Amino acid sequence: MHELDGRPPRHHFRAGGSKRATRGVARTQRQRRPEPFATGSQQVAGDVSYDVTFNFGHARNRINYWDEPPGAPPWQRSTGHPMCVSVTSCPAGGLLYKAIGIFKDSADLARYCHRTDARPGDIIFADIDGDCKITANDRIRIDQNGNPTYTLGLRLGAQVKKFDFTVFFQGAFDAVQYFITESGEIGNFTQEFAANRWTPTNPNAPGPRAFNRQEEYWVSNANTYFLRDASYIRLKSVEIGYHAPARLAAGLGLHDVRLYANGYNLLLLDQFQVVDPETRDSNGQYYPQQRVFNVGATVTF
Amino acid sequence: MRRDIRITTATLLVLLGAGGCNDILDVTPKDQFPDQAVFADPSLAEAFLNDIYRGLGHGLYEIMLASMTDETHFIHVYATDRIVQARITSSDRGALDDGRFAHFNWGPNYSRIRQANIFLSHIDAATFDDASKQRMKGEAFFLRAYFYHNLMRMYGGVPLITKVYGLNEDYTVARNSFKETVDFIVANADSAAALLPLSYSGVNVGRATKGAALALKARVLLYAASDLYNVTPCGQPENCYATTQDRAALWRAAKNAAQAVMNLGVYSLFRPSPANAQEAAKNYGDLFLQTMSEEVILSRFFLSTRDDGAYPNRDNGPNGYHTWGGNTPIENLIDDYRMLDGSKFDWSNPAHAAAPYANRDPRFYASIAYDGAPWRARPADVLKLDPYGIIQTFRALTTDSGVVGGLDTRDSPIENWNGGYSGYYLRKFIDPSINAQFTREQVPWIFFRYAEILLNYAEASIELNEVGDALNALNQIRRRAGMPDLAAGPNLRDEYRNERRIEMAFEEQRFFDVRRWMIAPQVLSRPATGINISLTGANRLDRSTWTNYRYQTATIQDRAWSNTSCKLDQDPKNDFSDVCMYFMPIPRDELNRNGLLKQNPGY
């Protein structure tokens, strides 16, 4: 309140719209940029009817002005970039060292400007400002974060005589998630990390050496090596239903009986692979989404 | 439908407009108060002031300053390794940048200083009773002085900001000299002391008192008289006195400041005259479990129902009790606990080496959990492995059926990832009656206690060669601890320094003491060591069969005072030799924001 008293607010954001779209009416016509929208269609042809519903969201924000302290290198300034909306979705305030490889051996070490404590098997941080010292000025601003720019949903439904089918896909794109486990003396590594790790006998490995907790500089200093693409498409749910013949229901003294089977989280297409792409915990400490199957009956009296 | 909405909206706007746009839209926020309201109401002003207190932080977080000096080894790491190994730079300050050290950090302290400045800029014009105003003003002066004293301890002289900056101002400002910073803190502490009461009652207990302000002044003047700030020639005036000072005058000021606290007559040592060593150990341990005592000058209280980050029993307890190990005391400290008769402990003495935990300074038993120390009953699932409830940090018990490790080690069947390497766990601050696995304890964190004042007084007296005064103060502490009196002699300064190390262990003192005494290059370059204990016995359950104890010290962590990484940016013009690590590096981002900030030497 003190800072704001009688003065313009510190932040002016231009928001691109909400992330969630409601199904039904399209409401995008008067917007200048792609916006959340949903469209649906229902068709009936004889005994067969089907419906398709699609929704799509585009969410972006940009800091147009705030009283950002001067002096930060141009590549670290936040004005003109998306804001970090939360600590969990935006590691190290969006400022990360740029990982450009692994030091294979001491000859490799000599080829790059590096920290004095760097050893073969460490991650190479790019010397962005060209002073041949790896300092905090070499961090770069990462615009992507855990909040996806694009979200979509696709629902396909069909009724054939007494059967009905529903399939729902969900997707998110242009999102990233920082991921590094607490490992070493406190616990294990992921299989992926272990398989990719550098060792003196495997100097061409794509990943860095095994580490203990935060003891390596590239563990305690956030860098792009551990930034993962969190985009995904998920087959969120599938349901099959069947209405029992009216005669049978009536025989049981019922108005209608519908038997159904459904499943949730049946299929996932993603780049992340190691943990669920919807996790927003940088250590992967996230209760995974479960695959659920149900069989049941809906009875109407 | 859409048209209807538009019409309704338009109608509403017209109606609102008719009411007078300014009145309706220029609302007072419902979730915050404007300055005028805060300083018109003593409760709101006090609430604002109370929030500033949070900036004091505390020393009972999971990660302790003790692990950045020669007291403990932090097994959770959290980038403490690069501090004790002198690998920090202004870009990578390791654990210093952990949020739990906010009370020592640049940005958080200046945020709190800004709050204090806002408070001080409004309080005189406040419209409530003068007595409340004066007291609150004194608190704000104290708090501002306290924040600056933490910045001074970490960085040396810093920019002294007393104005409240607005938007679009020029925020670049140079550091003040060390001398100006000390003078400023002392002046603020004096202002506070003049306004604050000697004590409080009821819910106000815990606010800064006159004693707290004078204790802060005594600490800062003791620092200012110390070797570190009086090196000649002085490299840069932000880190030391630019001109040679009259050291005796500095020590005299420090002694007088400590004397002023003693003269208040409201503080004394907690249970000063124990009947025997066991009672002395219990008294010393209990001191840190009391909510309040006659020894406490300023402390922070906690509620077990609120998460303020203080969970010392869970964070530091042994893994064999399902607790986290945390900050584990190292042999470097253990060896400095004297024998009960006042003599030095010595591994080359066969009697000492055969039973290193027998007949030590009673404070050892109240500060350290060691192999064989009685502790609370084991948790239900561990009871079958140890029916005694005694700490087990031995590495190898050779039994008829094989070799097993102690329950509180990394070879334990219980949560071995939380096992320590040193063979010791923290005992001080921990209440054994509470099940730390599930329950947070409510022990306070003590910022200032009377024993520190006596120690400050003794140190200044020793440096002034007023030995009688020094011994008088020191031996009050020794008697409370159940230790024999110290005597005059050539070793008195070293004995005093050891006494301070032991009495104030883990209380955020040692990190600064070794620097201002300039003994850090020797003591902080020693590797951290622990104890390897081996023995034989019939099985792990029957302690009565355990025998043949052997104790062997071993390095558990390499440590360094300076190295090439640390000297990366060393200014060749600076002749303040081996400067790295005496002062902490100012973060690179702060240097970017404020082009006038000068970095500390060595970074």
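Predicted model: local features only at pLDDT ≥ 70, side-chain atom pairs only at ≥ 80, totals over all residues.
Residues are numbered from 1 along each chain as its sequence is written, chains are lettered from A and ligands numbered from 1 in the order in which they are written, and side-chain values use heavy atoms, with hydrogens and water left out.

**Chain A at a glance**

- Chain A has four helices and 15 strands; these are DSSP runs numbered from the N terminus, with helices being H or I of at least four residues and strands being E of at least two.
- Take the contacts (heavy atoms within 4.5 Å) in chain A with a separation of 6 or more: 65% of them are between residues 24 or more positions apart.

**Where A meets B**

- The size of an interface is often given as the accessible area lost when the parts come together.
- Here, about 2,900 Å² is buried between chain A and chain B, and carbon and sulfur atoms give 46% of that; buried area is the accessible area (1.4 Å probe) that two parts lose on being put together, summed over both.
- Chain A brings 34 residues to the contact and chain B brings 31.
- Three salt bridges run between the two chains, a salt bridge being a side-chain nitrogen of Lys or Arg within 4 Å of a carboxyl oxygen of Asp or Glu.
- A salt bridge joins the side chains of A:Arg115 and B:Asp92, at 3.1 Å from N to O.
- B:Asp92 sits in the loop between α5 (81-84) and α6 (106-123) of chain B, and it counts as buried because its relative accessibility is 4%.
- Setting aside neighbours within four places in sequence, B:Asp92 touches residues of both chains, including A:Tyr217, A:Ser220, A:Asn221, B:Arg82 and B:Arg87.
- B:Asp92 and B:Pro587 are 495 residues apart in sequence, yet their C-alpha atoms are 8.2 Å apart in space.

**Salt bridges inside chain B**

- Over all chains, the structure holds 63 salt bridges.
- B:Lys163 pairs with B:Glu169, their closest N and O atoms being 2.6 Å apart.
- Both ends of that pair are partly exposed: B:Lys163 has a relative accessible area of 41%, and B:Glu169 is at 30%.
- B:Asp286 forms a salt bridge with B:Arg271, with 2.9 Å between the closest N and O atoms.
- That pair links distant parts of the chain, 15 residues apart: B:Asp286 is in helix α11 (residues 277-287), while B:Arg271 is in the loop between α10 (247-263) and α11.
- B:Asp286 is buried at 14%, whereas B:Arg271 is partly exposed at 33%.
- B:Arg449 and B:Glu507 meet through their side chains in a salt bridge of 2.7 Å, N to O.
- Here the partners are 58 residues apart, with B:Arg449 in strand β8 (residues 445-449) and B:Glu507 in the loop between α18 (492-503) and α19 (510-516).
- B:Arg449 is buried at 1% relative accessibility, and B:Glu507 is buried at 6%.
- Both belong to one network of salt bridges that share partners, whose members also include B:Glu295, B:Asp361 and B:Arg363.

- B:Ser299 is in strand β2 (residues 296-300) of chain B, and it counts as buried because its relative accessible area is 6%.
- Beyond four places in sequence, the contacts of B:Ser299 include B:Gly206, B:Thr291 and B:Trp445.
- The second largest pocket has a volume of about 620 Å³; on a 1 Å grid over the protein atoms alone, a pocket is an open set of points with protein on both sides within 12 Å along at least five of seven lines, and lining residues have an atom within 4 Å of a point.
- Grid points are joined across faces, edges and corners, and a volume is the space filled by probe spheres set on the points.
- Among the 18 lining residues of this pocket, B:Tyr53, B:Val205, B:Gly206, B:Arg300 and B:Phe301 lie nearest its centre.
- Strand β2 of chain B gives the largest share of that lining, three residues.

**Cavities**

- There are eight cavities of 30 Å³ or more, a cavity being a set of points where a 1.4 Å probe fits but cannot get out.
- The largest cavity holds about 100 Å³ of space.
- It is lined by 15 residues, and among those closest to its centre are B:Asn313, B:Thr323 and B:Trp375.

Terms used: Buried < 20%, exposed > 50% of the residue type's maximum accessible area, 1.4 Å probe, protein only.
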